[in-house]
Amino acid sequence: MPHIALQISAAPDAELARAAAALVADLTVEVLGKPRELVAVAIQFVDRNHWFIDGRSLAEHQRRAYHLDISVTDETNTKAEKARYLQRMHAALSDLLGDAHDTSYVHIIDARAAAYGYGGLSQEQRYQAARQRAEG
């Protein structure tokens, strides 16, 4: 947690992927307060000729775009934190990509704790285990 899938309209580029992954991880830690060691980022490149907005390819628009999905455990971030994340992420990715189309998306997926986890344990199991340890 969290898992982040980022699509970028560009040819595959290892340097851009590394920069985007670092940027996304940094903002996720800074704005949403997620532990850096649990932030996983997967980057996929989509050719601008294969990405369409309003019936025209991004190549025709002469723009770039992105789509970011981030899964977080439900009830771990406020509406204000999520709004700030969307704003800052759009600004940062627009700067990185160079004038990203406004029809670029960030989707924060609030996943139920019992249905989301890592390392074979749900977030609910982790919560209950920590609670039991605290109660002694």
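Leaving aside neighbours within four places in sequence, Tyr 118 touches Met 1, Leu 38, Gln 123 and Arg 126, where contact means heavy atoms within 4.5 Å. This is a predicted model: local features need pLDDT of at least 70, side-chain atom pairs count only at pLDDT 80 or more, and totals for chains, interfaces and linings use all residues. Residues are numbered from 1 along each chain as its sequence is written, and side-chain values use heavy atoms, with hydrogens and water left out.

**Around Tyr 118**

- Tyr 118 belongs to strand β7 (residues 117-118). Helices (H or I, at least four residues) and strands (E, at least two) are DSSP runs, numbered from the N terminus.
- Buried means under 20% relative accessible area, exposed over 50%, and partly exposed in between (1.4 Å probe, protein chains only).
- Arg 126 sits over the face of the Tyr 118 ring, 3.7 Å from the ring centre. A charge counts as over a ring if NZ of Lys or CZ of Arg is within 6 Å of the ring centre and within 35 degrees of the ring normal.
- Tyr 118 and Asp 54 are 64 residues apart in sequence, and their C-alpha atoms are 38 Å apart in space.

**The whole chain**

- The chain has four helices and eight strands.
- From the N terminus on, the order of elements is β-α-β-β-β-α-β-α-β-β-β-α.
- Along its principal axes, the C-alpha trace spans about 60 × 30 × 25 Å.
- Of the 136 residues, 38% count as buried.
- Residues 24 or more positions apart account for 73% of them.

**The four-stranded sheet**

- Four strands form an open sheet in the order β2-β1-β5-β6, with mixed pairing. Two strands pair if DSSP finds at least two bridges between them.
- The edge strands are β2 (40-46) and β6, and each pairs on one side only.
- On average, neighbouring strands of this sheet are turned by 15° against each other, direction ignored. Axes are lines fitted to C-alpha atoms, for helices over the stretch in contact, and angles run from 0 to 180 degrees between N-to-C directions.
- Strands of a sheet pair through backbone hydrogen bonds, either parallel or antiparallel.
- β1 and β2 are parallel and share seven bridges. Here Ser 9 stands opposite Val 46 in β2.
- Strand β1 (residues 3-9) pairs with β5 in the antiparallel sense over six bridges. Leu 6 has Leu 68 in β5 as its bridge partner.
- β5 runs parallel to strand β6 (residues 105-111), and seven bridges join them. In β6, Val 106 is the bridge partner of Leu 68, and Asp 110 is that of Val 72.

**Strand β5 and Ser 71**

- Why is strand β5 (residues 66-73) largely enclosed by the rest of the structure? Six of its eight residues are buried, so the rest of the structure largely encloses β5.
- Ser 71 lies in strand β5. This residue counts as buried, at 16% relative accessibility.
- Not counting residues up to four places away in sequence, Ser 71 touches Pro 2, His 3, Ile 109 and Tyr 116.

**Helices and the sheet**

- Helix α1 (residues 14-32) lies across β1, β2 and β5. Helix α1 runs at about 135° to β2.
- Glu 15 lies in helix α1. At 67% relative accessibility, Glu 15 counts as exposed.
- Glu 15 and Arg 131 are 116 residues apart along the chain, and 42 Å separates their C-alpha atoms.
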